[in-house]
Amino acid sequence: MLTEVKAYSSWQSAPALLLDEMGQAETDLIQVRNIEGLNPVKASVSGSPLAVIDGTSFTGTNVLSRNIVLTLGLNPNWTEWSYEALRRLLYAYFTPKSLVRLRFSSDDLPDVQIEGYVEDVSVNQFSKDPEFIVSILCPDPHFIAVEPEIITGQTIHEMGDFETINYNGNVPAGILLEVVYVSGSEPESIAIQIGDPAITHFMVDASVNAMKYFQMSSIPMNKFVQNVDLNLGTIVNLLDNIHIQQGSAWPTLEPGENHFHVITDTGVQDFTLQYYERFGGL
């Protein structure tokens with residue numbers, strides 16, 4: 001179950017309001033009374049009508065933006081925090097168009113966060129029990145772990161042993177991979193494979209040596225393949241050197257066990273794999 005929620009403003013000078021960890025909900029200056037929009041977002045399934053038979057032809061599916069709605073109660077202490085002071089503090093975090101980050105803690109998942117834009121703020125300020133209703137639209141609908149998972153290992157040649165990665169998220173996640181030179185000859189190719197080669201076999205004509213290393217990102221909206229020069233810091237784009245089998249995809253971790261390989265044709269290299277667990281709902 002959820003135990004804590006934190007809000008981070010895009011304003012550098014936004015005032016902080018820390019709640020007493022040993023206090024009770026009844027004494028909190030701002031009370032989170034309800035949160036909507038934490039369940040998995042409804043998918044949009046696309047299809048095209050078939051000409052001569054009943055039904056449609058499936059063309060694709062995706063999950064649209066998430067709408068989180070916070071109901072916040074104001075509980076002034078009448079010394080330094082009045083209704084008006086609390087209301088203006090909340091405006092520093094929740095003003096329409098502003099970017100806000102929400103961080104959630106629970107007793108069964110790692111800390112996760114999500115970013116969104118404030119769509120609407122309404123407050124019944126003349127009520128005996130004022131409440132803030134804040135609507136936040138999150139373009140990326142998934143909750144992402146705050147801390148990355150990092151795995152290190154050594155590349156293999158054909159028929160070598162694989163690493164088993166237990167991915168605990170429930171939404172597939174892209175990866176960030178770095179390969180560095182250790183010893184021996186420079187490789188002419190670097191392949192990344194997760195599970196069935198027919199689905200995720202991904203190879204690049206690339207090399208690493210004492211003066212340059214290799215990077216690959218399969219994170220959606222931030223995909224790249226490149227060599228980085230250690231002396232000059234220059235980057236060489238290797239997208240034209242990619243070989244992907246027909247019907248295959250960029251390397252992606254799926255929920256559960258993943259058999260992970262980094263394969264080179266010669267030499268000894270180390271790799272560092274980094275990924276963030278992603279969740280479709282809390």
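**Pocket, sheet and loops in a predicted model**

The second largest pocket has a volume of about 470 Å³. A pocket here is an open set of points on a 1 Å grid over the protein atoms alone, where a 1.4 Å probe fits and protein lies on both sides within 12 Å along at least five of seven lines; lining residues have an atom within 4 Å of a point. Its volume is the space filled by probe spheres set on the points, which are joined across faces, edges and corners. The model is predicted: local features need pLDDT of at least 70 and side-chain atom pairs count only at pLDDT 80 or more, while totals for chains, interfaces and linings use all residues. Residues are numbered from 1 along each chain as its sequence is written, and side-chain values use heavy atoms, with hydrogens and water left out.

The lining of this second largest pocket comprises 23 residues, and Pro 172, Ala 173, Gly 174, Pro 220 and Thr 252 lie nearest its centre. At least two lining residues come from each of β12 (173-174) and α2 (197-200); helices (H or I, at least four residues) and strands (E, at least two) are DSSP runs, numbered from the N terminus. By class, the lining holds 11 nonpolar, seven polar and five charged residues, with Gly counted as polar and Pro and Ala as nonpolar.

An open sheet is built from five strands in the order β11-β21-β14-β15-β19, with antiparallel pairing; two strands pair if DSSP finds at least two bridges between them. Because β11 (163-167) and β19 (242-244) stand at the edges with a single partner strand each, one side of each has no neighbour in the sheet. Neighbouring strands of this sheet are turned by 20° against each other on average, direction ignored, the axes being lines fitted to C-alpha atoms. Five bridges connect β11 to β21 (residues 256-264), and Tyr 167 has Gly 256 as its bridge partner in β21.

Elsewhere, eight of the nine residues of strand β5 (residues 66-74) are buried, that is, under 20% relative accessible area, whereas exposed means over 50% (1.4 Å probe, protein chains only). Strand β5 runs antiparallel to β2 (residues 30-36), to which six bridges join it, and Glu 36 stands opposite Val 69. Eight bridges join β5 to the antiparallel strand β8 (residues 131-138), where Ile 136 is the bridge partner of Ile 68.

Two loop residues other than glycine have positive phi values. Lys 97, with phi near 85°, lies between α1 (83-93) and β6 (99-106) and is exposed, at a relative accessible area of 74%. Met 221, with phi near 70°, lies between β16 (212-217) and β17 (224-229); Met 221 is exposed, at 86%.

Notes
Axes fitted to C-alpha atoms, helices over the stretch in contact; angles between N-to-C directions.
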